Amino acid sequence: MNNKEAYKHAFKHVHYQKEINLNQKRIPKPLVTIMTSFIVLLSTFTVAYAFDVGGIQSKLEVWFHGEKRKIQYEEVEDHVYHFYTTDEDGNVVDMGVNMGFKDTLTGIEPMSGDELAKSINDDSEIVYDEKEDKYIFYYQDKAVDITKMFDKEKECYLVINNGEKDIYFIISYKDQIGDDSTISEYSDENAAVTQDVKVKDIKDRFVRIK
């Protein structure tokens, strides 16, 4: 079976798990600016198939849903990579298609598969747990039930230390958490939240997650 046939076979029977990925971030990076664009990460697919899906080029370990997971990726187009991991039963979980760019001294260049994979460690996301009827916020090793953490303005404020510094998150929605949530992320207390308000001006609103 060649790579193309293996890929088709792996996704012949796909089961959907409802998931929301709403990473809209404003993160100041003074030296290197990473812009990642997740094309497909609105749903997670579980496939009962060996982890070595045909054509996957690398195996790395990153944070995914609060746990360290081994991931693999396949370059499906120039500088476009399809990422996978496994669930607790060993089934392949489709993490979506990812591409990104970085600022260098010579200009903007595409990120490699390994660079994109490592950037996943800085990603945050919201996942709806249908069984528990909860919305879980994931960042690195943290899994936070944010369902009842929103104020009357429909905003939730979290601060998490990533091992090097505090990262501030403002999660907001208009009508329903799962349908139109936005995650804004700040790594500097002096970062502007609005034109007249900086993170340090509203630090008392943030709940520290340990």
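## Strands 13 and 14

Two strands are said to pair if DSSP finds at least two bridges between them. In this predicted model, strand 13, which covers residues 166-172, runs antiparallel to strand 14, and five bridges join the two. One of the residues involved is Ile170, whose bridge partner in strand 14 is Ser184.

Strand 14 itself spans residues 182-186, and because four of its five residues are buried, this strand is largely enclosed by the rest of the structure.

An open sheet is formed by three strands in the order 9-10-11, with antiparallel pairing. Its edge strands, each pairing on one side only, are strand 9 (124-129) and strand 11 (142-145). On average, and with direction ignored, neighbouring strands of this sheet are turned by 25 degrees against each other.

Between strand 9 and strand 10, the latter made up of residues 134-139, the antiparallel pairing extends over six bridges. Within this pairing, Glu125 has Tyr138 of strand 10 as its bridge partner.

In soluble globular proteins, nonpolar side chains tend to be buried together. Here the largest nonpolar core has 18 residues, and those with the most contacts inside it are Ile126, Phe137, Ile146, Phe150, Leu158, Phe169 and Ile171. At least two residues of this core come from each of strand 9, strand 10, strand 12 (155-161) and strand 13.

Another core, of 11 residues, lies apart from the largest one, and its members include Val62, Phe64, Tyr73 and Phe83.

Technical notes. Residues are numbered from 1 along each chain as its sequence is written. This is a predicted model: local features need pLDDT of at least 70, side-chain atom pairs count only at pLDDT 80 or more; totals for chains, interfaces and linings use all residues. Side-chain values use heavy atoms; hydrogens and water are left out. Buried means under 20% relative accessible area, exposed over 50%, partly exposed in between (1.4 Å probe, protein chains only). Axes are lines fitted to C-alpha atoms, for helices over the stretch in contact, and angles run from 0 to 180 degrees between N-to-C directions. A nonpolar core is a set of buried Ala, Val, Leu, Ile, Met, Phe, Trp, Tyr and Cys residues joined through side-chain atoms within 4.5 Å.
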